[in-house]
Structure formats: C-alpha cells, structure tokens
Amino acid sequence: MTRAWIPPVLMLLGGAALAAGLIAKGSPGTATALLLVFGLLAGVNSPLLFPRSVGAEEARRRSATDGRPVVFWRPGCAYCLRLRIRLGRRARRLHWVDIRRDQEGAAAVRAANDGDETVPTVVVAGRAHTNPDPAWVRGQLSV
C-alpha cells in the first residue's frame, strides 16, 4: 500500500522545498503557485482519483457475477488516468485492480501482455484488451 503513495508524497515534499526556497527569496506568490502545481501533480498521481481497488481474485469473481469489466491499473500511469477521467462516473461500475498492491493482478497483466506490465489492461468476458479506447470501455458497460 505504501508503495503507491511514494511518488505523490515525494512530489509534495519537493514542491514544499522549492516553495520554501522561493519564500526565503521573497517570492511568496510564485511559491504558492508552485506549491499548488505540485499538489495537483501529487493528487493526479495518487490512488485517490481511482475507485477503490480490489484483489484480482475478487475482481474476477465479481465480474463473473455481474459481467462488468475488470481494469488492471497502477498509480502514476498516464493512460490509466486518461481512461479513468474519460469514463467519468461510469468508472465506479468497473472492478479496478491496482497491480502495485496485488501481485496476482500483476501476474495476470504480465500473462496477457507477453511478460510486460502494460496498463491499463481491461478484461471483458475473459479476454484482455491492452490500453483500449475509453469509448469502447464505456460501450462494454451498456452491453
């Protein structure tokens, strides 16, 4: 769990250090703007923007029951963020698996992508799709 928070915490600490330096030089306005930018970057790269993750086994079980897709993702992935944002509220209807937290999920992604941990990998009806178009994923929710 802590591994997913390392990049956002480092971004916040780095931004705070730079802001402190700017304040010491007499630029509080610039320091505030810089701190806001680093805070935004930290938020975008944190797990907070994504629906609550479940384990791969639990996601497969839920998907078998309700037919909804399973999304394998990791914090800091720009393509995962793109998918999440473009899905909007519909993202909560999918089953999300953070491969940094779940080794079984990471293994499933490697098996689907010839040994690579390429995310997002979306599994629909047992078939993996690597970095699919968000519109296609939305369409799978209405099926």
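Reader: Okay, how many helices and strands does the protein have?
Author: Six helices and four strands. Keep in mind that this is a predicted model.

Reader: And what order do the elements run in from the N terminus?
Author: Starting there, the pattern is α-α-α-β-α-β-α-β-β-α.

Reader: What does the C-alpha trace span along its principal axes?
Author: About 60 × 30 × 25 Å. The protein has 143 residues, and 36% of them count as buried.

Reader: Let's do the sheet. What's the order of the strands in it?
Author: The order is E2-E1-E3-E4, in an open sheet with mixed pairing.

Reader: Which strands stand at the edges?
Author: Those are E2, residues 95–98, and E4. Each has a single partner strand, so one side of each is left without a neighbour in the sheet. From one strand to the next, the twist averages 25 degrees.

Reader: How do E1 and E3 pair?
Author: They're antiparallel, with three bridges. For example, Val71 has Val122 of E3 as its bridge partner.

Reader: And how many bridges join E3 to E4?
Author: Four, and these two strands also run antiparallel. In one of those bridges, Val124 is partnered with Arg127 of E4.

Reader: What do E3 and E4 form together?
Author: A hairpin, with two residues between the strands. Ala125 sits in that turn and has a positive phi of about 55 degrees.

Reader: Which way do the residues of E3 point?
Author: Thr121 and Val123 go one way, while Val122 and Val124 go the other.

Reader: Buried or exposed, those four?
Author: All of them are buried.

Reader: Switching topic: how much space lies in the largest pocket?
Author: About 180 Å³.

Reader: Which residues line it?
Author: The lining includes Arg60, Ser63, Val70, Phe72, Ala108, Val109 and Ala112. Thr121 and Val123 from E3 are there too, along with Ala125 from the hairpin turn. Gly126 and Ala128 are also part of the lining.

Reader: Which elements give two or more residues to that lining?
Author: Helix H3 (56–66), strand E1 (70–73), helix H5 (103–112) and strand E3 (121–124). The largest share comes from H5, with three residues.

Reader: How many of the lining residues are nonpolar, polar or charged?
Author: Eight are nonpolar, three are polar and one is charged.

Reader: Now helix H4. Which residues are buried there?
Author: H4 covers residues 78–87, and its buried ones are Cys80, Leu81, Leu83, Arg84 and Leu87.

Reader: Why are they on the same side of H4?
Author: Because they cover an arc of only 160 degrees around the axis. As background, an α-helix has 3.6 residues a turn, so residues three or four places apart point the same way.

Reader: What's exposed on the other side of H4?
Author: Ala78 and Ile85.

Reader: And what comes just after H4?
Author: Gly88, which takes a positive phi of about 60 degrees.

Notes:
Residues are numbered from 1 along each chain as its sequence is written. This is a predicted model: local features need pLDDT of at least 70, side-chain atom pairs count only at pLDDT 80 or more; totals for chains, interfaces and linings use all residues. Side-chain values use heavy atoms; hydrogens and water are left out. Buried means under 20% relative accessible area, exposed over 50%, partly exposed in between (1.4 Å probe, protein chains only). The arc is that of the directions from the helix axis to the C-beta atoms. On a 1 Å grid over the protein atoms alone, a cavity is a set of points where a 1.4 Å probe fits but cannot get out, and a pocket is an open set with protein on both sides within 12 Å along at least five of seven lines; lining residues have an atom within 4 Å of a point. Grid points are joined across faces, edges and corners, and a volume is the space filled by probe spheres set on the points. Ala, Val, Leu, Ile, Met, Phe, Trp, Tyr, Cys and Pro count as nonpolar, Asp, Glu, Lys and Arg as charged, and the others, Gly among them, as polar. Two strands pair if DSSP finds at least two bridges between them. Axes are lines fitted to C-alpha atoms, for helices over the stretch in contact, and angles run from 0 to 180 degrees between N-to-C directions.
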